[in-house]
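Here is a short tour for someone meeting this protein chain for the first time. Have a look at the sequence and the fold, then read on.

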Amino acid sequence: MSAAARPLCSVFSTSGDKTTDVALPAVLTAPLRPDVVQFVHTNINKNHRQAYAVQMKAGHQTSATSWGTGRAVSRIPRVGGGGTQRSGQAAFGNMCRSGRMFAPTKTWRRWHRKVNTTQKQFAVASALAAAAVPALVMARGHKIDQVPEVPLVVGGDVETLSKASKAKALLEKIGAFDDVEKSANSKKLRTGKGKMRNRRYVMRKGPLVVYSTNDGIEQGFRNFPGVELANVDRLNLLQLAPGGHMGRFVIYTQAAFEKLDTIYGSAGKAIPVAEMANADLARIINSDEVQAVVNPAKSAPKKYLRKKNAIKSIKALEKLSPYQVAARKSETKAQESRKTKKATKKTKKRGIGKEFYEKMQTQGDVCEDGF
């Protein structure tokens with residue numbers, strides 16, 4: 001995109017009035033890649049860690065040996081000697097009192113991470129582009145309701161402001177002091193042990209002031225809570241996307257804003273290119289141009305019934321051999337007929353026996369006629 005085709009950004013004076021316009025740097029149109037920013041931030045954020053470890057001899061500065069088996073105690077090494085409570089106590093193990101920790105930490109752990117230079121440049125460019133989107137800046141928590149424009153560019157002799165009073169007046173004129181007050185009001189005690197390790201308080205991030213030349217601007221802005229400064233030649237992802245979250249509120253000086261086109265572009269660092277010119281995939285698929293060449297929508301697929309076993313299913317057998325179906329039906333009919341005749345015969349037999357038994361029950365005394 002050429003400079004003439006890019007939108008213009010307003011430049012505000014130290015009194016808060018618009019003075020001129022400047023073309024939007026090409027890097028601010030870079031694709032937004034939160035996955036790349038998160039990955040790079042996670043790795044480079046480890047590069048300021050200092051090594052720590054427990055003492056190499058900790059937990060082993062005693063004389064102890066196992067008692068072996070046969071004494072009804074565990075085989076853990078035990079302190080020798082006598083005459084004291086310590087004698088016979090288990091030692092060395094991570095489960096023991098005064099023992100070493102499990103897997104003692106070492107100073108030769110891999111503390112730092114190497115990140116590809118191209119990835120770091122990609123992440124910085126993406127973070128710069130996200131800082132030019134008001135919705136992302138507000139979503140990150142910055143108070144920019146009174147800010148006239150994002151990205152915010154300040155011209156004039158702002159880089160020579162060495163007094164905090166003048167810097168405060170500037171921030172109030174351009175509506176950025178609300179974000180500074182937000183940071184100041186957010187100061188609170190840190191949770192956890194960091195309170196004891198010289199990082200007692202935590203505070204939200206405020207504006208990031210990006211300048212080209214330090215003619216006193218660092219002295220003017222450095223004492224405001226939450227405000228950070230960065231040289232446009234040495235932009236840091238840890239400042240542009242704190243916590244790996246894009247959308248930092250950035251205040252540019254005019255010289256720094258114009259210098260972005262020199263740092264990024266054909267003469268400087270490469271500007272990332274989006275994988276897709278239009279990321280609205282649903283709109284592309286449903287467009288007339290695509291729908292005109294794709295195949296028509298298919299109806300519901302034909303449903304096939306499960307293949308039935310001809311041995312168990314009479315309908316499946318009828319498709320294969322009608323004669324076998326007739327034979328099976330006649331055989332089934334004959335079986336039912338035989339079963340019915342057998343049941344009738346058995347019932348008749350049972351009736352005769354029952355009749356004879358009743359007749360025997362009604363028979364009188366053998367001496368009824370008198371012998």
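A residue is called buried when its relative accessible area is under 20%, exposed when that area is over 50%, and partly exposed in between. Keep in mind as you read that this is a predicted model.

## A serine in a loop

Buried or exposed: which is serine 313? At 16% relative accessibility, serine 313 falls under the 20% limit, so it counts as buried. You'll find serine 313 in the loop that runs between helix H10 (288–291) and helix H11 (314–320). Its side chain reaches the backbone nitrogen of lysine 315, at 3.5 Å.

Now jump to helix H8, which covers residues 254–263. Its buried residues are Ala256, Phe257, Leu260 and Ile263. They span an arc of only 115° around the axis, and that puts them on the same side of H8.

What do these buried residues pack against? There are several strands on the list: E1 (8–12), E2 (18–23), E5 (152–154), E8 (208–211) and E10 (250–253). Helix H2 (117–130) is a packing partner as well. Just past the end of H8 comes glycine 265, which takes a positive phi of about 140°.

H2 has 14 residues and reaches 20 Å from its first C-alpha to its last, close to the 20 Å expected at 1.5 Å a residue.

The buried residues of H2 are Ala123, Val124, Ala125, Ser126, Ala127, Leu128, Ala129 and Ala130. These residues pack against helix H1 (34–44), helix H3 (134–139) and helix H7 (237–240), and also against E10 and H8.

Glycine 99 sits in the loop between strand E4 (78–79) and H2. With a relative accessible area of 24%, glycine 99 is partly exposed.

What does glycine 99 touch, once you leave aside its neighbours within four places in sequence? It is in contact with Gly59, Phe92 and Gly93. There is also histidine 60, which is 39 residues away from glycine 99 along the chain, yet their C-alpha atoms are separated by 7.0 Å.

## Charged pairs

Side chains of opposite charge can pair when their charged atoms come close. How many salt bridges turn up in a search of the whole structure? The search finds 7.

One of them joins lysine 182 and aspartate 179, with 3.3 Å from N to O. These two are 3 residues apart in helix H5 (residues 177–185), so about one helical turn separates them. Lysine 182 is buried, with a relative accessible area of 19%, and aspartate 179 is buried too, at 0%.

Elsewhere, the side chains of aspartate 35 and arginine 33 meet at 2.9 Å, N to O. Here aspartate 35 is partly exposed at 45% relative accessibility, and arginine 33 is partly exposed at 28%. Another salt bridge links glutamate 331 to arginine 338, whose closest N and O atoms are 3.7 Å apart. Glutamate 331 is partly exposed, with a relative accessible area of 39%, and so is arginine 338, at 48%.

## Aromatic rings

To finish, let's turn to the rings. The count of aromatic pairs comes to 4. Phenylalanine 177 and phenylalanine 224 make an edge-to-face pair, at 6.4 Å centre to centre and with 90° between the planes. This pair links distant parts of the chain, 47 residues apart: phenylalanine 177 belongs to helix H5, while phenylalanine 224 lies in the loop between helix H6 (217–221) and strand E9 (228–231).

Together with Phe221, Phe177 and Phe224 form one aromatic cluster.

Technical notes:
Residues numbered from 1 in each chain as written. Predicted model: local features only at pLDDT ≥ 70, side-chain atom pairs only at ≥ 80, totals over all residues. Heavy atoms only, no water. Buried < 20%, exposed > 50% of the residue type's maximum accessible area, 1.4 Å probe, protein only. Helix = DSSP H or I, 4+ residues; strand = E, 2+ residues; numbered from the N terminus. Arc of directions from axis to C-beta. Contact = heavy atoms within 4.5 Å. Salt bridge = Lys/Arg side-chain N within 4 Å of Asp/Glu carboxyl O. Expected span 1.5 Å × (residues − 1). Polar contact = N/O pair within 3.5 Å; in protein donor to acceptor, adjacent residues only side chain to side chain. Phe/Tyr/Trp six-rings, centres within 6.5 Å; stacked < 30°, edge-to-face > 60°.
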